[in-house]
Structures are given as structure tokens and as C-alpha cells.
Amino acid sequence: MLEQLRTLNPKLIIASGEFPTINLLNFKFNKFADVVGNIYEVNGYKILPIYHPSQISPKVIQIMFLYLKICEISSIL
């Protein structure tokens, strides 16, 4: 995966769910809810943990994507 990240060189990695977040963050956390929505820098990559969409109501997903559009992800980097 690290080789793929080096090739793609993303500005932001959105970790969708607890298990991808565990694999990407280089520290242990007690509750997944504690890290959701915060941006962490690991090995030069910015990582944004979010809840997996299957666990979120459709209305919340619409609001989340609208928020990301309005904020323009690049402005938070």
C-alpha cells in the first residue's frame, strides 16, 4: 500500500471506517468516535477518518458531501 501511496501522492486520504483507520494511523485510539472527523498527518500524508457510509443514514451522507463541496477539501489541507 505504501508504494501505491507514493505513486498517487494524495493530498488527503479519507479512511472510511475503523479498520482502514487502524491500518493508516500510527497510534492506538480507545474509541473510533474520538478520531472521526480529525485530520492526522502520518508519514507526510493527511488522513481523515470517517464513519463507513453503510453505517450512516442517507440524509447524513448527503449533508456530509454537501459540506465537503462547500469547504472544498483543498482549503482544509
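Reader: Which backbone atom does the side chain of Tyr-45 reach, and at what separation?

Author: A polar contact is read from a pair of N or O atoms within 3.5 Å. In this predicted model, the side chain of Tyr-45 lies 3.4 Å from the backbone nitrogen of Arg-6. Tyr-45 itself belongs to strand β3.

Reader: Is Tyr-45 buried or exposed?

Author: The cut-off for buried is under 20% relative accessible area. Tyr-45 has 11% relative accessibility, and it therefore counts as buried.

Reader: Which residues does Tyr-45 touch, once those up to four places away in sequence are set aside?

Author: Its contacts are Leu-5, Arg-6, Asn-9, Pro-10, Ile-13 and Tyr-40. Asn-9 shows how chain distance and spatial distance can be read together: Tyr-45 and Asn-9 are 36 residues apart along the chain, with 8.2 Å between their C-alpha atoms. For the protein as a whole, 42% of the contacts with a separation of 6 or more join residues 24 or more positions apart.

Reader: How many helices and strands are there, and what pattern do they follow along the sequence?

Author: The protein has 4 helices and 3 strands. Along the sequence they follow the pattern α-β-α-α-β-β-α.

Reader: In which sense do β1 and β3 pair, and over how many bridges?

Author: They pair in the parallel sense, over 4 bridges, with β3 spanning residues 45-50.

Reader: Which residues of β1 lie on the covered face, and which on the uncovered one?

Author: The general idea is that side chains in a regular strand alternate between the two faces of the sheet. In β1, Ile-13 and Ala-15 form the covered face, while Ile-14 and Ser-16 form the uncovered one. Beyond its neighbours within four places in sequence, Ala-15 is in contact with Pro-20, Thr-21, Leu-24, Ile-47, Leu-48, Pro-49 and Ile-50.

Reader: Where is Thr-21 found, and what does its side chain reach?

Author: Thr-21 is found in helix α2. Its side chain reaches the backbone oxygen of Gly-17 at 2.7 Å. Thr-21 counts as buried because its relative accessibility is 0%. Apart from residues up to four places away in sequence, it touches Ala-15, Phe-29, Phe-32, Val-35 and Pro-49.

Reader: How many aromatic pairs does a search of the whole structure find?

Author: The search finds 3 aromatic pairs. One of them is formed by Phe-29 and Phe-32, with 6.3 Å from centre to centre and 45° between the planes, a tilted arrangement. Phe-29 has a relative accessible area of 17% and is therefore buried; Phe-32, at 11%, is buried as well. Together with Tyr-51, Phe-29 and Phe-32 form one aromatic cluster.

Reader: Which residues make up the largest nonpolar core?

Author: A nonpolar core is read as a set of buried residues joined through their side chains. The largest one here has 12 residues: Leu-5, Ile-13, Ala-15, Leu-24, Leu-25, Phe-29, Phe-32, Val-35, Tyr-40, Val-42, Tyr-45 and Ile-47. At least two residues of this core come from each of β1, α3 (32-35), β2 and β3. Tyr-45, with which this dialogue began, is one of its members.

Reader: What share of the residues in the protein is buried?

Author: Of the 77 residues in the protein, 26% are buried.

Methods: Residues numbered from 1 in each chain as written. Predicted model: local features only at pLDDT ≥ 70, side-chain atom pairs only at ≥ 80, totals over all residues. Heavy atoms only, no water. Phe/Tyr/Trp six-rings, centres within 6.5 Å; stacked < 30°, edge-to-face > 60°. Buried < 20%, exposed > 50% of the residue type's maximum accessible area, 1.4 Å probe, protein only. Pairing = 2+ DSSP bridges. Contact = heavy atoms within 4.5 Å. Polar contact = N/O pair within 3.5 Å; in protein donor to acceptor, adjacent residues only side chain to side chain. Core = buried A, V, L, I, M, F, W, Y, C linked by side-chain atoms within 4.5 Å.
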